[in-house]
Each structure stands twice: as structure tokens, then as C-alpha cells.
Amino acid sequence: MGTVYAREAHEARSPIPFAYLSVVDQPIAASADQLGHFEIQGAFIFPLRLAASATGFATDTIVVQNGRTGVVVELAPVTELRPAEVIQRQAGTTLSLRDTQSSERIGAKELKRAACCDLSESFESNATVDVSYSDAISGAKQIRMLGLDGKYAQISLENIPFIRGLSGNYGLTPVPGPWINAINVSKGIGTAVNGPNAMTGQIDLCLVDPGEASPLFTNLYLNNQGRTELNVNTAQHWGKAGDNLVMLQGSLNQRDMDDNNDGFRDQPLSRRFNIMDRWLQRSARRTTQLIARYVTDVRDGGNTDAHVPSEGPGGRHYAVRVANEMGDVLAKNGWILRDSTKSIGILASFRNHTASSSFGDRGYEGTQLSGYANVVYQQTLRGGNDQFKTGAGFQYDAYDESFQDSAFSRIERMPGVFAEYTRSRSRFTMVAGMRADFNSAYGNPVSPRVHVKYDLGPLTAIRLSMGHGFRSANPLVENAAVLASSRTVVVEGPLRMERSWNFGASFLHKWKWGGRKWALGIDAYRSEFTDQVVADLDRSPRTLAIYMMRGVSYANSMLTDVQVELSRSLLAKVSYRWYDVRTTYDGVLRERPFTPAHRGLVDLAYESRNDRWRIDIFTNLFGAARLPGTEENPEAYRAPDRSPAYATVNAQVTCLLGQLELYVGGENLASSTQDTQILAPEDPFGPYFDASLIWGPTQGAMVYGGFRHAFKHKEHDNGTK
């Protein structure tokens with residue numbers, strides 16, 4: 001670990017961003033980040049020669065005697081530059097050969113390939129994470145990973161657990177895309193250090209760096225369905241006092257739209273305001289950051305204003321209102337000790353969340369007060385080849401919920417300890433860890449985790465993983481879509497913690513063939529539950545039964561990704577994913593509803609040689625999925641047993657004019673929509689009304705446009721831009 005600087009006559013040194021470093025006579029290399037920081041991992045033979053190069057600087061080589069951190073590399077600027085020609089472009093999504101876990105990084109370039117107004121819209125070109133609407137009324141979106149709902153994946157912000165608890169159902173949309181610099185997606189069981197809840201993987205959101213942010217960034221988005229969003233980011237650079245970034249978002253949709261003429265709004269009227277302040281300070285041995293966020297999000301759905309209720313006892317407007325108000329404070333502090341092989345990190349967060357919703361005559365109120373703290377000690381061993389981490393964490397959650405005439409409250413206090421050892425040799429890396437947590441409400445689980453990576457060659461790796469994870473369920477919030485129906489909610493017996501084992505294997509190979517760069521990734525995972533809270537929609541079309549699993553429940557998934565550089569301007573990605581997800585419902589092992597067994601993705605990205613034009617087209621194909629049984633309903637109010645296969649096509653054209661980006665695009669351009677989205681829409685207060693049986697898109701083709709503009713950086717005190 002070290003930094004690359006420009007060699008200058010005066011005392012202050014300027015870091016060189018994106019310098020390239022390689023170990024001479026060893027197939028190990030890395031790139032520096034925007035601030036010149038780099039980290040090279042692998043099994044080294046010391047002393048080693050480290051070569052560094054960067055455009056505009058003379059290449060130099062230094063000798064590193066041991067595995068110390070804080071290595072300083074200085075490059076001398078050259079007085080004359082020859083014209084340079086770009087011969088290849090970095091893909092927006094990168095499959096990692098270096099990480100011990102199977103992972104991919106969705107970079108800022110990938111996020112700009114679509115409008116990405118919020119987090120739920122950031123995975124349209126990704127086959128690992130699925131996004132779908134949860135019902136036909138509230139506009140809420142949910143994700144799925146390895147065949148299971150997003151509640152089994154840990155969604156974190158700067159490695160601090162973030163979307164959890166009451167925000168699990170509506171927490172994706174209040175995270176604006178322009179706030180995100182990159183998304184790191186790790187598949188399978190998480191590491192012991194990052195927490196117990198990453199049962200199918202971890203999605204870590206990396207925010208825009210205040211030190212690299214534009215002094216003023218503006219993004220305006222509009223679409224033909226009435227949605228308008230404005231994002232404004234402003235950065236302040238305070239030299240040694242650090243850098244600060246204030247991010248604002250306003251979102252408004254007031255169009256009363258009913259294209260399928262069922263009397264219900266195709267999307268809710270919405271108002272959202274979002275503000276975040278991120279302060280970041282770096283020094284040679286310490287990094288500190290503080291993040292504060294406030295968001296208010298209100299949605300009004302149900303019958304349109306123009307709808308005329310039918311005559312009779314149920315002849316009333318069916319109104320839906322979903323409101324969320326949330327405040328967050330997050331803090332991180334990391335120190336490199338005098339012995340530079342040792343470091344300490346402290347992470348903490350606090351949240352106050354108030355949620356309320358009304359669906360016709362049904363009302364829900366909930367509050368969540370949460371606190372989180374994690375202390376991690378890290379030390380490198382054996383000349384930097386091995387690494388040891390240990391620490392302790394504490395999670396506090398206080399929930400107060402009410403639904404119709406019932407009230408629920410729960411307080412969880414969960415201290416925990418963990419340890420993790422990383423062993424690295426020339427081709428072999430193993431990360432073995434253990435967690436022990438002490439939950440005041442549900443007991444004391446112990447979670448072992450093991451990750452293994454073996455490099456078959458410089459560009460080929462196989463990985464294996466195994467581990468145990470657990471989580472506390474919030475069944476009312478996690479099944480909020482069912483509130484948009486006349487189903488009676490029945491909770492049977494006391495509910496316990498959900499626990500599962502995850503087993504995974506992956507293969508990644510990169511090569512050149514026909515003068516083009518190729519990448520092939522194959523992942524296979526299995527999740528087996530030992531305890532699970534089951535939401536049973538099959539017992540009756542007029543009942544949601546919630547109970548602890550009685551039988552078996554598992555999810556098998558396999559994903560194949562192929563990426564190829566078809567030309568200097570055209571990149572392509574083809575993916576195929578297969579799921580086999582089954583749960584025991586009232587003694588019968590069934591396919592999990594709304595989960596297609598097959599999905600395909602075809603992704604094309606064109607970029608002109610002068611970087612002026614970008615054209616992106618991605619097609620998602622979805623196979624049939626089982627739907628909950630509705631045979632007991634009258635024939636007019638039955639849904640089919642399985643959904644049909646369908647495809648969606650999204651496209652965007654972007655034009656770069658200096659610091660200004662203009663974009664226009666469309667989503668679901670083939671207008672693939674679910675024909676019947678609501679059962680019994682004419683009688684929303686009757687026994688057969690159900691707007692929760694959603695398997696496909698609820699809206700037809702949508703066209704949007706907008707612009708992004710960022711002012712150029714100016715040099716500031718710490719020498720960064």
C-alpha cells in the first residue's frame with residue numbers, strides 16, 4: 001500500500017491519479033486511484049522491484065525491501081509529450097480476478113448508461129441483481145439476488161449496513177443515482193468482518209468522493225409519464241480541514257395516469273426531497289468521514305381522480321398513501337498505527353425512521369430507532385502476505401409497529417465479536433472467519449465463513465465459499481405489497497430468527513482471441529435454510545399466512561457471463577441465469593412464486609472514437625414464473641397458474657459536449673406489460689380485490705431525456721483536483 005507522487009522542486013507533492021504499477025518479473029499489477037493511492041495484493045518474494053508509470057511522467061522502478069505500507073513512489077515529469085491514441089476502453093462493469101469473493105464492480109461509467117435516477121434503476125444491465133415492482137399501486141421496487149429477495153443480501157453504504165429494517169421495502173428509491181460513484185456486488189456469504197446479514201451477498205454503495213467531486217454538478221431528468229427530478233451536488237475543498245460535498249435531490253410526479261383503464265393510477269403521485277452532507281478528511285495515517293442524510297418521501301396511489309366509484313356499499317374511492325421520513329448519521333475513522341502493519345477502524349451509524357401507509361381501510365404505522373458500531377483491528381503478517389482482523393460490533397434496534405387494530409413492539413440488542421485470517425501464497429488465498437453474536441430477542445448464533453481462491457493462471461481463477469448467516473425478520477414491512485389486497489394477514493406462532501447456509505463456486509477466465517478481449521464468468525450457489533419466516537400466499541387467495549418454516553427451503557442459482565470487446569468502439573455482454581427456488585408451504589414443497597427459472601441479458605455499448613457519442617442498448621429476457629393459487633376465487637377473479645415469458649428493451653443515446661452531457665432514452669420500448677394487474681379493480685373493498693400479484697412490468701414504453709453538467713475542478717490546497 002502506498003502513494004504515487006509527482007517529483008517537484010518545492011516541498012508540496014501532487015499525487016498522480018491512475019498511475020500503473022507492476023511487480024517486475026511477477027504477474028502482479030495494480031492501478032492507483034484518483035488520489036494516487038494504490039494497493040497490490042499477492043504473494044511476493046522480497047526484496048521486489050516495483051515499476052510505476054503514468055502519462056506525462058518518466059517510468060521509474062524502486063526496490064521494496066519488505067511488506068510495509070506507506071510506500072512512496074515519485075515520478076519525474078517529462079517535458080515533451082507525444083500524441084497518445086486510445087486503443088481500448090474500460091468496461092463499465094468489471095469482473096474481479098483479485099478479490100477472494102466472486103464480485104463485480106459497477107462503475108460510474110456503467111451507471112450513466114441509463115438515467116439511474118435512483119438505486120432501484122441501477123441494475124438494468126446487470127444479471128446478478130434483479131429488480132421488479134412489488135405491487136401495482138405503491139410504485140415500490142424490490143431486488144432479488146441468487147433467487148432470493150433482497151432482504152437476504154446486505155445493502156451497505158461505505159461498508160456500513162444501510163438499507164435494512166423498515167427501509168427494506170421502500171429504501172431503494174430514496175438513494176439517488178448521482179450520489180453513487182460505484183457499486184460493489186459480492187456474491188455468496190459475506191465475510192465475518194462485514195456483518196452477519198449478507199446471506200446471499202453484499203451490495204456496497206460507494207459515494208461520490210468529496211475530494212474528486214466537481215464544485216457544482218447538476219442533473220435534470222424528465223420523462224413522458226410526468227416524472228421530473230433535479231439533482232444538485234456542490235463540493236467545498238478546505239485543504240487540511242478536508243473536503244465536503246452537499247448533495248440535494250428533488251423528485252416530483254403529479255400526473256394522474258391510467259393507461260390500462262382499470263380505474264387505478266399506473267404509478268403513484270409522488271413527492272420526494274433528499275439531502276446528504278459528506279465530509280471527508282485524509283492525512284498520511286488517518287482517514288475520517290462523517291455523513292448526514294435526511295429524506296422525506298410521500299406517494300399517493302389508488303383510484304384516479306377521474307374514476308367514478310361503482311354504486312353499492314363498496315362504492316368509494318380507494319386511496320393509497322405511503323409516507324417515509326428518515327434521518328441518518330454515519331461516521332468512519334481509520335488510523336494506521338506507528339507500526340504501519342497495524343491499523344484500527346471504527347464505524348458507527350444512527351437512524352430514526354418513521355413509516356406510515358394506508359391502503360383503503362387498512363393502516364400501518366411504524367417507527368425504527370437504530371444504532372450501530374463496529375471496531376476492527378487489522379494487522380499484516382509474514383511480510384505482508386497474510387492478514388489478521390478481529391473486532392467487536394453492536395447493533396441496537398427498537399421497533400414500534402401497528403397494523404389495523406394490532407400493535408407490535410420489539411427491542412433487539414446484539415453485541416458480537418469476530419475474527420478473520422487471510423492466508424496468501426503464490427496462487428492460493430484463503431479467508432477464514434468466525435462470528436459470535438448475542439441477540440437479546442432471538443438467541444446467540446455462531447457463524448463460520450470460509451472463502452478460497454486459487455489462480456490457475458494470471459487471468460484465470462476459481463473460487464469456493466461456504467458460511468452461515470442470519471437475520472431478524474420484519475414480516476409486515478417485508479410483505480407490504482399484500483396490503484394492497486383484501487387478504488387477511490394471519491401470524492401463526494412466535495417467529496424466530498432466519499438462518500441459512502450458503503455454498504458457492506465460481507470460475508473466471510479472461511483472454512484475448514481474434515485480437516479482442518474476452519471474459520467468461522460462471523457462478524453456482526446454493527442457499528439452504530434451517531429457519532425461515534414463510535409468507536404463504538397459496539393457502540387461500542384471501543389469506544396471507546406468516547409462520548416459521550415447516551419442511552425444507554432452498555435456492556439454487558447459476559449464472560454465466562460472457563463479455564467481449566467486439567471492436568475499439570463496441571462492447572457486448574451476454575448473460576444467462578437459472579434459478580431453482582423452492583419452499584415448503586403447508587407441507588407441500590413448491591416453487592417460490594414470482595421467481596422466473598430463466599433469465600437472459602444481451603447488452604451492447606457503443607462509444608465513438610472521439611468520445612462524443614455513446615449508444616447503449618440492453619435487452620432483458622424473463623422466463624415463466626409460478627403464481628400463487630387463486631382457484632378458490634370465482635372464474636372472473638382468477639390469475640393464471642404461471643406468468644408468460646416476456647422481454648424488455650431499454651436504450652439510451654448520450655452526447656458529450658465538453659462538461660455537458662445530453663441524454664435521451666427509453667425503457668420497456670417493446671411495451672411488454674402485465675395484462676391483468678389487479679383482480680376485481682371495480683370492487684377494491686370487496687373480498688376478491690388483489691393488486692399484489694405482479695410478475696411483470698406495470699407500465700408501457702417510457703421516453704425520457706435530460707442533461708448532466710459538471711464544472712471543472714480547480715487546484716486546491718492538498719494538491720488534488
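The structure is a predicted model, in which local features need pLDDT of at least 70 and side-chain atom pairs count only at pLDDT 80 or more, while totals for chains, interfaces and linings use all residues. Residues are numbered from 1 along each chain as its sequence is written, and side-chain values use heavy atoms, with hydrogens and water left out.

The mean pLDDT of the chain (the predictor's confidence in each residue, from 0 to 100) is 89, and 92% of the residues reach 70 or more. Over residues 80-88, however, the pLDDT is below 50, and this stretch has six contacts (heavy atoms within 4.5 Å) beyond near neighbours in sequence. The pLDDT also stays under 50 over residues 716-721, for which the model has 19 contacts beyond four places in sequence. Where pLDDT is low, the predicted coordinates should not be read in detail.

Strands β34 and β35 (residues 543-548) run antiparallel and are joined by four bridges, and V534 stands opposite Y547 in β35.

The structure holds 47 salt bridges (a side-chain nitrogen of Lys or Arg within 4 Å of a carboxyl oxygen of Asp or Glu). In one of them, D130 pairs with R577, the closest N and O atoms being 2.4 Å apart. Because D130 lies in strand β11 (residues 129-133) and R577 in strand β37 (residues 570-585), the pair ties together parts that are 447 residues apart in sequence. D130 counts as buried (under 20% relative accessible area, with exposed over 50% and partly exposed in between, for a 1.4 Å probe and protein chains only) at 5% relative accessibility, and R577 is likewise buried, with a relative accessible area of 3%.

A salt bridge also joins the side chains of R272 and E229, at 3.1 Å from N to O. This pair links distant parts of the chain, with R272 in strand β21 (residues 269-282) and E229 in strand β19 (residues 227-237), 43 residues apart. R272 is buried at a relative accessible area of 9%, and E229 is buried at 1%. R272 and E229 belong to a network of salt bridges that also links D118, E121, K141 and R227. A further salt bridge is formed by R410 and E412, whose closest N and O atoms are 2.8 Å apart, and both residues are buried.

Two loop residues were also examined. T200, in the loop between β16 (180-187) and β17 (201-207), is buried, with a relative accessible area of 1%. Leaving aside neighbours within four places in sequence, T200 is in contact with residues including M145, Y152, S186, N502 and S527. S692, in the loop between β42 (660-667) and β43 (702-710), is buried at a relative accessible area of 5%. The side chains of S692 and D690 are joined by a polar contact of 2.6 Å, a polar contact being a pair of N or O atoms within 3.5 Å in which, within protein, one must be able to donate a hydrogen and the other to accept it, residues adjacent in sequence counting only if both atoms are side-chain atoms. Beyond neighbours within four places in sequence, the contacts of S692 include S134, D135, A481 and F594.

Definitions and conventions. Two strands pair if DSSP finds at least two bridges between them.
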